Amino acid sequence: MLFQESDHVVPAKQKISTRKIRDGKKAVATTKTARKPKAASLETVILDALDDMKALEVKLLDVRGLTDIADFMVIASGTSDRHVRSVAQRVVEKAKEAGFRPHGVEGQQDGDWVLIDLSEMIVHVMLPRVREFYGLEKLWDMTVTKRAARA
């Protein structure tokens with residue numbers, strides 16, 4: 001859709017604003033391009049969603065070089081199975097709103113451990129007892145010195 005103002009054709013995404021020149025006699029039409037909000041990173045979206053839902057013990061692990069399935073893993077805990085499901089659902093909603101589509105969500109029926117696959121990032125939301133039993137932090141958390149020793 002185009003608006004026509006005098007001899008200028010302006011695309012519909014642009015706003016037309018009028019401002020006065022200092023002497024107050026002439027008005028000049030200028031255009032401003034409508035700005036889209038800055039896209040948030042997937043990491044920011046996920047961490048904000050977890051914080052909003054009061055997830056416990058949130059840990060971000062850099063797993064680049066350890067696996068090809070993802071670059072990062074986020075591990076968080078919930079206080080109950082209902083809280084775990086709610087936290088996971090909020091992560092999925094916020095990711096979709098930001099334009100990141102989950103490839104899969106597993107475990108929402110039980111609520112002990114919900115896994116959200118967001119391609120470059122995998123989110124695990126677990127009950128504390130399940131988190132302790134599986135020990136994902138120990139499995140995936142490799143410091144730089146451990147990585148160097150492994151290579």
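Buried residues make up 30% of the 151 residues in this chain. Buried here means under 20% relative accessible area, exposed means over 50%, and partly exposed is in between, with a 1.4 Å probe and protein chains only as cover. What you see above is a predicted model: local features need pLDDT of at least 70, side-chain atom pairs count only at pLDDT 80 or more, and totals for chains, interfaces and linings use all residues. Residues are numbered from 1 along each chain as its sequence is written, and side-chain values use heavy atoms, with hydrogens and water left out.

The chain exposes about 10,700 Å², and carbon and sulfur atoms supply 50% of that. The areas come from the Shrake-Rupley method with a 1.4 Å probe; for residues, only the protein chains shown count as cover.

Next, the layout. There are five helices and nine strands. Both are DSSP runs numbered from the N terminus: helices are H or I with at least four residues, strands are E with at least two. In order from the N terminus, the elements read β-β-β-β-α-β-β-α-β-β-β-α-α-α. Take contacts between residues at least 6 apart in sequence: 48% of them join residues at least 24 apart. A contact means heavy atoms within 4.5 Å.

Now helix H1, residues 42–52. Its buried residues are Leu42, Val45, Ile46, Ala49 and Leu50. After H1 comes Lys54, with a positive phi near 60 degrees.

Leu50 sits in helix H1 and is buried, with a relative accessible area of 0%. Leaving out residues up to four places away in sequence, Leu50 touches Ala55, Val58, Val74, Ala76, Val87, Val91 and Val125. The C-alpha atoms of Leu50 and Lys94 are 9.9 Å apart, although 44 residues separate the two along the chain.

That brings us to the core. A nonpolar core is a set of buried Ala, Val, Leu, Ile, Met, Phe, Trp, Tyr and Cys residues joined through side-chain atoms within 4.5 Å. The largest has 33 residues, and Ile46, Leu50, Val91, Ile116, Leu118 and Val123 touch the most other members. Which elements give two or more residues to this core? They are H1, E6, H2, E8, E9 and helix H4 (136–140). H2 gives the most, with six residues. As for Val123, its contacts beyond four places in sequence are Ile46, Val74, Val91, Val114, Leu115, Ile116 and Leu118.

Last, the aromatic rings. The whole structure has two aromatic pairs. Rings of Phe, Tyr and Trp (its six-membered ring) pair if their centres lie within 6.5 Å; planes under 30 degrees apart count as stacked, over 60 as edge-to-face, the rest as tilted. Trp113 and Tyr134 form a tilted pair, 4.9 Å centre to centre with 50 degrees between the planes. Trp113 lies in strand E8 (residues 113–117) and Tyr134 in helix H3 (residues 128–134), so the pair ties together parts 21 residues apart in sequence. Phe133 and Tyr134 form an edge-to-face pair, at 5.0 Å and 90 degrees. Is Phe133 buried or exposed? Phe133 counts as exposed, at 67% relative accessibility.
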